[in-house]
Each structure stands twice: as structure tokens, then as C-alpha cells.
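Please look over the chain below before reading on.

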Amino acid sequence: MRATINQKLVETGERERLKELLRARLIECGWRDQLKAYCKEIVQQKGLEHITVDDLVSEITPRGRSLVPDEVKKELLQRIRTFLAQQSNV
């Protein structure tokens, strides 16, 4: 079912629109700046020579997910539900 939904989102271009909406909302709420500062903090702690991109990604992912405001999650979920409702009526 998840694959079918994802396929519909991709085919209609809605997935790209949702990604752009998410990107804009995260920038607006300061999420991007918070995560950028956290990345700098980690690199300073561990040293640039001692950390890989993969290490950094695995380190920041949990915090990045937890910092996404509930309003942004709810808005995105509502947009997906609306999309799915419209698709079932077609």
C-alpha cells in the first residue's frame, strides 16, 4: 500500500510539491539553522579529520527528526490525506 501511495505521489508530481512545502516550512521555523549549528558543534567536538559524512548523518538524524515541529508534521500529513481523498474520488 505504501508503495502504491508513493507511486501516485510521484506520478502526479505531488511528491515534489510536498517536498518543497516541507523544505520551506523547515526553513521558516528555524529547523535548518538549528541542525546546521548542531553539525558544526559535532565537527568541532570530533575534529574534521575524525568524522565522515556518514558519521555526521547518523549522529544528526535522530535530533533532526525530533526537532521537526508538530505543526509541520500535521500540515504535511493533512496534505497527504487530502491528496489521497482526491485520488479516491477520481
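## Nonpolar cores

A nonpolar core is a set of buried Ala, Val, Leu, Ile, Met, Phe, Trp, Tyr and Cys residues joined through side-chain atoms within 4.5 Å. Buried means under 20% relative accessible area, exposed means over 50%, and partly exposed lies in between (1.4 Å probe, protein chains only). This is a predicted model: local features need pLDDT of at least 70, side-chain atom pairs count only at pLDDT 80 or more, and totals for chains, interfaces and linings use all residues. Residues are numbered from 1 along each chain as its sequence is written, and side-chain values use heavy atoms, with hydrogens and water left out.

The largest nonpolar core has eleven residues: Leu26, Trp31, Leu35, Tyr38, Cys39, Ile42, Ile51, Leu56, Ile60, Val68 and Val72. Helix 3 (31–46) and helix 4 (53–67) each supply at least two residues of this core. Helix 3 gives the most, with five. Helices here are DSSP runs (H or I, at least four residues), numbered from the N terminus. Apart from this core lies another, of five residues, including Leu9, Leu21, Leu76 and Phe83.

## Helix 2

Gly30, with a positive phi near 85°, follows helix 2.

Which residues of helix 2 are buried? They are Glu14, Leu18, Leu21 and Leu26. These residues cover an arc of only 130° around the axis, so they sit on the same side of helix 2. The arc is that of the directions from the helix axis to the C-beta atoms. The buried residues of helix 2 pack against helix 1 (2–12), helix 3 and helix 5 (70–89).

Two of these residues show the packing in detail. Contact means heavy atoms within 4.5 Å. Leaving aside neighbours within four places in sequence, Leu26 contacts Trp31, Arg32, Val68, Pro69 and Val72. Glu14 has a relative accessible area of 11%, so Glu14 is buried. Not counting residues up to four places away in sequence, Glu14 touches Leu9 and Phe83.

## Cysteines

A disulfide is a pair of cysteine sulfur atoms within 2.5 Å. By this rule there are zero disulfides.

Cys29 is partly exposed, at 36% relative accessibility. Cys39 is buried, at 18%.
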